[in-house]
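Hi,

Here is the structure I promised to pass on. My notes follow below it.

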Amino acid sequence: MFAKLRAKRSDRDLSIEGPEAPLVPSQAPAPVQAKSQDHREWVKQWLLQANGDDVMKVLTVVADKRPKELKHLAAMSSSGGKKWSSCGSREPVRIEVTPRTQTPDYGRMTTHIGEMPILQFSCGKYFCLEGEPSVEITAIRLGSIAGRSEVGYRTTEKSAIAGVNYIHTEGTLVWERGEVEKTFVVDLIDDQVWAGVVEFHVVLVQDSALNGIVPTGGAEARVQRIDDDVFPSNKYKDLILDRRVKDINPLALFQEFFKVASADPIVARGSIRLLCMGQLHNVFCILQLVANIYMVDKVLLPPEEERDVQTQTTRLFILTGLSFVPQAVMHALHYMSFSWKVVGRTRLRLASGLMNAFLYFDDAARTEVDAGALVDAMTHDTEQLINAGYMNFLIVFQLLGRILMCVAFQLVAPIVSGSHNSQALSMTMMPMLLFPVFMVMLVAARIGQTRVALNARLQRQRSLVASVHEIVENFRLIADFGRRQWCMDQHQENVQNFGATDKAVAEVSCNNVYLMKWLTLLAVSSYVIIGGTEVINGALPTGIFLTCLRVYMQVGKLWSDIYSKFLETFNNAPALERIVDIINKHADVRSRMEWSRHQHEITRTTFQDIQRGEDLDDPAGQAIQDRIPIQIRNIGVNLCALGTSDAHVGKKVRETRMFYESMTIHQGKLVCLVGKRGMGKSTLLRILGGATLPRSEGEGGPAGGVFLIPSHLRVLHVPSEDMFIKGSLYQNLTLGVPKGHPDGCIERVRDICSGLGLPAAMLDTIREEESSPTVVWSEALSGSEKHMLVIARALIANPEVMCIHKPTLHVNDPMAEKIVGMLRDFVDQRGICLPKEEKHLRRPRTCIMTSTRMTSLQRADQIFKVSALFHEDASPSPSAQRESIVAIRPDDLDKIETDDLS
């Protein structure tokens with residue numbers, strides 16, 4: 001975990017008198033001898049070359065057993081380099097320190113005397129916009145800043161690709177004496193292609209640290225790049241952002257989708273291969289037609305002077321054998337085409353784009369897209385868009401190529417047969433030129449009626465899918481109230497309504513398809529009459545006539561297929577429109593970026609204020625970053641609610657809440673929020689936990705508002721709902737821990753669960769193996785068990801700031817005592833079930849909770865009461881509620897009423 005110690009120091013030269021002694025890593029040092037020169041040399045060599053983990057354990061013991069010596073060492077290190085004599089009867093040790101012209105009192109800024117500083121990022125998540133040239137990353141040094149420290153850094157790919165979205169960057173950060181912050185820049189790459197929110201990571205290389213420790217939790221930071229493009233392209237950006245997707249021509253929208261899909265290099269290469277394969281198939285078809293003419297006119301029915309049975313038989317066998325070659329080639333290519341990843345890659349991009357958009361929705365957008373709509377878009381709409389959209393474009397190109405080859409065949413066929421008839425040629429060429437004209441006219445005539453039928457079916461389909469999801473999610477409620485038959489009636493009605501609209505679409509599609517078939521039949525019949533007359537009169541060879549008749553029928557079928565593909569693509573325009581609408585809904589990631597940068601800047605200025613001496617005499621001896629408080633003053637928030645006035649009843653409106661007064665929470669405290677029901681306790685806790693963003697002053701928030709959570713702290717919001725993912729119990733409990741992180745070790749997980757009083761039978765089900773049981777935990781566990789597991793999951797995640805809603809609500813008094821006790825230990829020990837000797841390496845832990853029991857208040861460090869100033873509910877406008885936050889002293893609990901614990 002810890003970095004290796006290095007022998008070379010830039011600010012001091014450490015030398016210990018005594019003869020050189022060989023270092024034997026496996027040999028333990030001999031018992032301490034006061035005058036043993038060899039032993040001192042052995043200790044020096046061991047400290048300089050041993051594993052950092054082992055060195056830190058030894059230094060921790062020394063700091064505990066011999067604090068005076070280390071205190072003298074720290075004082076001497078900052079006082080100019082005088083010799084220091086050890087206490088007691090031990091041999092003097094000479095330490096020479098290079099003097100400096102100015103020596104600030106850096107010892108006062110130390111977390112623990114004699115400890116190496118901690119090197120970590122100043123923020124766990126950074127944001128940047130696509131149009132910005134670069135993003136600035138800051139790393140900070142916690143603890144002693146009296147020496148020189150350095151650590152390497154590098155970027156790593158995630159969803160963002162180096163060379164496509166950003167420039168790979170690596171280097172070394174060096175803190176000179178007295179420096180706390182170091183920054184480096186990662187250059188970004190701008191493009192005009194939609195990508196959504198993509199992410200790459202920056203890491204501090206632990207093994208490269210010099211005079212510093214890189215904690216596992218602070219060694220990595222996420223960088224999210226916010227795309228300023230829209231899906232599928234920026235050509236119709238204004239219409240898409242104005243939610244007017246239906247005003248865009250469907251075929252034009254499909255064209256933009258084709259462009260963005262083919263912009264992927266893998267999809268582009270696969271598409272080119274598919275196009276080449278299609279044209280090769282066309283070549284084989286034309287060769288087959290030429291072979292047919294040759295077989296009829298030269299093999300089966302040759303002129304009398306060319307008749308030779310043996311020669312004809314040989315040619316027949318050769319032609320038959322050659323017919324197997326195209327089949328074998330096309331079979332092999334078709335089989336290989338599945339590995340070209342055109343469909344899979346496009347599906348991945350669409351499905352990822354939908355999920356990416358959903359994960360970053362703001363509250364208003366999330367209420368507009370239910371689970372049914374998202375699942376339907378990700379499965380049905382995506383498949384239709386790929387197979388009936390993108391792939392249809394490739395098929396149309398193949399069909400157009402075949403038509404061109406058929407035209408070429410009409411020109412070559414007379415030469416092959418040895419006869420030339422310009423009149424017959426013109427008669428065969430004219431329908432080929434007229435087919436596309438009639439097709440365009442049919443599409444223009446049928447497009448309006450087709451679109452009306454498709455939109456009606458889409459609405460009924462959405463209603464059906466939404467009703468099914470509602471029944472599945474609320475089955476227990478339906479069963480308990482005996483409403484099964486009512487659900488069946490509603491479901492049957494939805495199915496019938498969908499069936500009626502689906503029937504209308506089928507009727508319209510049937511007429512659309514047969515119109516082109518009628519046109520083809522008319523053209524073929526005309527050619528049969530005209531061409532057949534020429535054959536009877538001897539002006540046209542029979543082989544040419546039969547082959548051209550086949551070409552006529554094939555060309556008619558080709559244009560019918562192209563027409564059908566256009567209709568099929570158009571029929572799936574609603575699927576594309578829905579995907580475009582979902583992906584481009586409003587997200588809160590830009591607001592989070594603004595608040596994140598705001599928090600980072602306030603954290604930096606607050607740190608500088610403290611560093612200038614405003615609060616350096618803190619008796620706890622904390623690092624400066626640990627003294628930056630959590631603050632809220634005069635903030636507002638918008639919430640989605642159902643209107644109650646006559647004008648807004650049943651509609652979603654914006655409810656505005658304002659929190660006035662000031663709340664200051666010091667790090668390392670257990671904090672309780674109390675107040676009557678509906679006064680805003682949960683809303684305030686959601687703001688602190690990052691689940692709800694406050695409004696800035698420019699968005700209508702109160703003037704002079706302050707919202708500060710130090711940017712280097714990891715915050716976890718724990719809602720009151722008991723939620724579980726599909727997976728093993730261990731996977732659920734370690735949801736907030738990166739894979740392989742020591743916080744997620746099985747022993748720690750079981751210890752925390754045991755400390756919360758979970759039964760031994762449940763502890764036995766917590767296993768890391770893949771074969772561990774996977775059940776629907778929300779159904780298999782009791783209410784109290786689910787609640788305790790949710791709290792255990794939060795403690796296992798080990799955040800610096802935990803915002804938890806009503807942790808003692810659904811349990812009895814003994815269990816409530818255990819929960820409060822564990823939260824108290826979480827704060828006091830800077831984490832639960834973690835090594836005590838590493839406590840000084842961890843940041844303070846802060847727990848903020850809404851309380852429903854007096855026992856929680858009795859063990860709290862700070863208590864805040866949230867109450868309403870006044871409430872205004874004007875009918876034509878959204879409601880507005882104003883709250884005040886008042887601090888209550890722990891010895892004034894008699895001021896808290898029973899209703900405040902609701």
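Which elements of the protein have the lowest and the highest mean pLDDT? Strand β2 (residues 96–97) has the lowest, at 32, and strand β16 (residues 801–804) the highest, at 96. Here pLDDT is the predictor's confidence in each residue, from 0 to 100, and helices (H or I, at least four residues) and strands (E, at least two) are DSSP runs numbered from the N terminus. Over residues 76–114 the pLDDT is below 50, yet this stretch has 71 contacts in the model beyond near neighbours in sequence, a contact being heavy atoms within 4.5 Å. The protein's mean pLDDT is 79, with 78% of its residues at 70 or more.

Before you go further: this is a predicted model, where local features need pLDDT of at least 70 and side-chain atom pairs count only at 80 or more, while totals for chains, interfaces and linings use all residues. Residues are numbered from 1 along each chain as its sequence is written, and side-chain values use heavy atoms, leaving out hydrogens and water.

Now to the helices. The axes of α20 (residues 746–755) and α23 (residues 783–797) come within 10 Å and cross at roughly 135 degrees; axes are lines fitted to C-alpha atoms, for helices over the stretch in contact, with angles from 0 to 180 degrees between N-to-C directions. In this pair, Arg748, Val749, Ile752 and Cys753 of α20 meet Leu789, Ala792, Leu795 and Ile796 of α23.

Helix α23 also holds His787. With 4% relative accessibility, His787 counts as buried (under 20% relative accessible area, 1.4 Å probe, protein chains only).

Best wishes

Key. Buried < 20%, exposed > 50% of the residue type's maximum accessible area, 1.4 Å probe, protein only.
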